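I opened this notebook to record what I looked up in one structure, entry by entry. The sequence and the coordinates come before the notes.

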Amino acid sequence: HDSKERCDAPKCCKDTRIAVCQDIASWMRHGDEGDTTQRIMWLSGPAGAGKTAIAGSMAELSEDEGSLAATFFFSSFH
């Protein structure tokens, strides 16, 4: 998420996608609790829906909280 090759990487604008980001952040913090462990979250949607922006924002949040293990983003800029 912080590669030099990803300059100006997309992230959610302030006060946008609040509900989906809160849902993902909750899953990141508590996904292994309860009767059914959820180890993978599949983020899907049409092109241009903001999946990369959401993933970038969640990677940044994880890094800020000290829980980021790894990130992997594809780039079509080359």
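**Entry 1. Conventions.** I note that this is a predicted model, in which local features need pLDDT of at least 70 and side-chain atom pairs count only at pLDDT 80 or more, while totals for chains, interfaces and linings use all residues. Residues are numbered from 1 along each chain as its sequence is written, and side-chain values use heavy atoms, with hydrogens and water left out.

**Entry 2. The chain.** I looked up the secondary structure and found 2 helices and 0 strands in the chain. Helices (H or I, at least four residues) and strands (E, at least two) are DSSP runs, numbered from the N terminus. Of the 78 residues, 19% are buried; buried means under 20% relative accessible area, exposed over 50%, and partly exposed in between (1.4 Å probe, protein chains only). The accessible surface of the chain is about 6,300 Å², and 53% of this surface belongs to carbon and sulfur atoms. These areas come from the Shrake-Rupley method with a 1.4 Å probe; for residues, only the protein chains shown count as cover. I then looked up contacts (heavy atoms within 4.5 Å). Among those between residues at least 6 apart in sequence, 64% join residues at least 24 apart.

**Entry 3. Helix α2.** How far apart are the end C-alpha atoms of α2? They are 21 Å apart, which agrees with the 21 Å that the 15 residues of this helix (residues 51–65) should span at 1.5 Å a residue. The expected span is 1.5 Å times one less than the number of residues. I list Ala53, Ile54, Gly56, Ser57, Met58, Ala59 and Ser62 as buried in α2. The buried residues of α2 pack against α1 (18–30). After α2 comes Gly66, with a positive phi near 80°.

Entry 4. Ser57 has a relative accessible area of 15%, so I count Ser57 as buried. Leaving aside residues up to four places away in sequence, Ser57 touches Lys11 and Cys12. Ala59 is buried at a relative accessible area of 6%. Ser62 counts as buried because its relative accessibility is 9%. With residues up to four places away in sequence not counted, Ser62 touches Met28, Ser67 and Leu68.

**Entry 5. The largest pocket.** Which residues are closest to the centre of the largest pocket? The pocket holds about 510 Å³ of space. Of its 19 lining residues, Met28, Met58, Ala59, Ser62 and Ala70 are the closest to the centre. The elements that give two or more residues to the lining are α1 and α2. The largest share, 6 residues, comes from α2. By type I recorded 14 nonpolar, 3 polar and 2 charged lining residues.

On a 1 Å grid over the protein atoms alone, a pocket is an open set of points where a 1.4 Å probe fits, with protein on both sides within 12 Å along at least five of seven lines; lining residues have an atom within 4 Å of a point.

**Entry 6. The loop.** Is Ile40 buried or exposed? Ile40, in the loop between α1 and α2, counts as exposed because its relative accessibility is 68%. The C-alpha atoms of Ile40 and Met28 are separated by 9.6 Å, and the two residues are 12 residues apart along the chain.

How values were computed:
Points joined across faces, edges and corners; volume = space filled by probe spheres on them. Nonpolar A, V, L, I, M, F, W, Y, C, P; charged D, E, K, R; others polar.
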